[in-house]
Amino acid sequence: MKKWLFTFITVSALLVGCSSNETEVDTNDEPIDVEALEVKVNILTPQTAAVNESIELAAHVTQNNENVDDADSVQFEVWESGYRDDGQMLDGKLEGEGVYKAEITFDHDGVYYMYAHTTARGLHVMPKQQIIVGNPDMSKVKEDEGSDSMNHKSEDDAQQESDMNHEQDDSSNHQH
C-alpha cells in the first residue's frame with residue numbers, strides 16, 4: 001500500500017512540476033486583411049432597357065474573391081427617379097456561383113434606380129445603379145434625392161439639423 005501511495009505522490013508531483021502557468025501568446029505579426037472580410041456586390045444589371053421588355057436585375061456577391069452562395073438576403077429595390085416612396089422590393093434568387101437574380105418589366109420611359117440590398121455573413125451592402133428605360137424626356141424627369149451611400153438622412157432629421165443650425169446662428173447674432 002505504501003508503495004502505491006509513494007508512486008501516486010511522486011507522479012502527481014512530477015505532473016505539477018511539469019505544468020506551466022504561462023499562457024500561449026500568438027506572435028504572428030501579420031495584420032488582418034479587412035478587405036478579405038468585406039462582402040462585395042457587383043451589379044450585373046444592364047444600365048439601359050426597353051419599355052415592356054423583361055430584364056434581369058442581377059448581382060454577383062463575393063467575399064475574399066470567393067462566391068457567396070449563402071447570403072441571408074439579396075433584395076432589389078427599384079424606383080423611378082423622384083418617386084422612391086412608390087418603389088418596389090424584389091427578392092433575388094440564387095442562380096449559382098454567387099449570382100442572385102430577379103426580373104422586372106418597366107411599362108414606360110423613365111430614369112430608374114436600383115439598390116441591391118445584400119445581407120451576407122453579418123454585413124449589409126447596398127450598391128446603387130441607374131437604369132434608363134426607353135427614351136425619357138430628361139426635362140420631365142424628376143431629380144432623385146437618393147444617395148449613392150448607405151448614410152441616408154430622413155427629411156425629419158435634415159429639417160431638425162437645419163433648425164438647430166438656424167438657432168445657433170440666431171443666438172450668436174444676439175450675443176454682440
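Which residues does T62 touch, not counting residues up to four places away in sequence? T62 touches E38, V39, K40, N67 and V68, where contact means heavy atoms within 4.5 Å. T62 lies in strand β3 (residues 54-63) and is buried, with a relative accessible area of 15%.

This is a predicted model, in which local features need pLDDT of at least 70 and side-chain atom pairs count only at pLDDT 80 or more, while totals for chains, interfaces and linings use all residues. Residues are numbered from 1 along each chain as its sequence is written, and side-chain values use heavy atoms, with hydrogens and water left out.

**Confidence**

- The protein averages a pLDDT of 79, and 62% of the residues score at least 70; pLDDT is the predictor's confidence in each residue, from 0 to 100.
- Over residues 149-176 the pLDDT is below 50, and this stretch has nine contacts in the model beyond near neighbours in sequence.
- Where pLDDT is low, the predicted coordinates should not be read in detail.

**Overall architecture**

- The protein has three helices and eleven strands; helices (H or I, at least four residues) and strands (E, at least two) are DSSP runs, numbered from the N terminus.
- The order of elements from the N terminus is α-α-β-β-β-β-β-β-β-β-β-β-β-α.
- Of the 176 residues, 27% are buried; buried means under 20% relative accessible area, exposed over 50%, and partly exposed in between (1.4 Å probe, protein chains only).
- Among contacts between residues at least 6 apart in sequence, 64% join residues at least 24 apart.

**Strand β9 and its partners**

- Ten of the eleven residues of β9 are buried, so this strand is largely enclosed by the rest of the structure.
- Strands β5 and β9 pair in the antiparallel sense over eight bridges; two strands pair if DSSP finds at least two bridges between them.
- The bridge partner of V74 in β9 is T118.
- Strands β9 and β11 also pair in the antiparallel sense, over six bridges, and G110 stands opposite V133 in β11.
- Strand β10 runs antiparallel to β9 and is joined to it by three bridges, with A120 opposite L123 in β10.
- The hairpin of β9 and β10 has two residues between the strands, and R121 takes a positive phi near 55° there.

**Salt bridges**

- The whole structure contains four salt bridges, each being a side-chain nitrogen of Lys or Arg within 4 Å of a carboxyl oxygen of Asp or Glu.
- One of them joins R121 to D70, with the closest N and O atoms 3.1 Å apart. R121 lies in the loop between β9 (110-120) and β10 (123-125) and D70 in the loop between β4 (66-67) and β5 (73-80), so the pair ties together parts that are 51 residues apart in sequence. R121 is partly exposed at 41% relative accessible area, and D70 is partly exposed at 46%.
- Another joins K128 and D144 (3.3 Å, N to O). K128 is in strand β11 (residues 128-133) and D144 in the loop between β11 and α3 (155-174), 16 residues apart. K128 is buried at 17% relative accessible area, and D144 is buried at 13%.
- R84 forms a salt bridge with E77, the closest N and O atoms being 2.9 Å apart. R84 is partly exposed at 27% relative accessibility, whereas E77 is buried at 11%.
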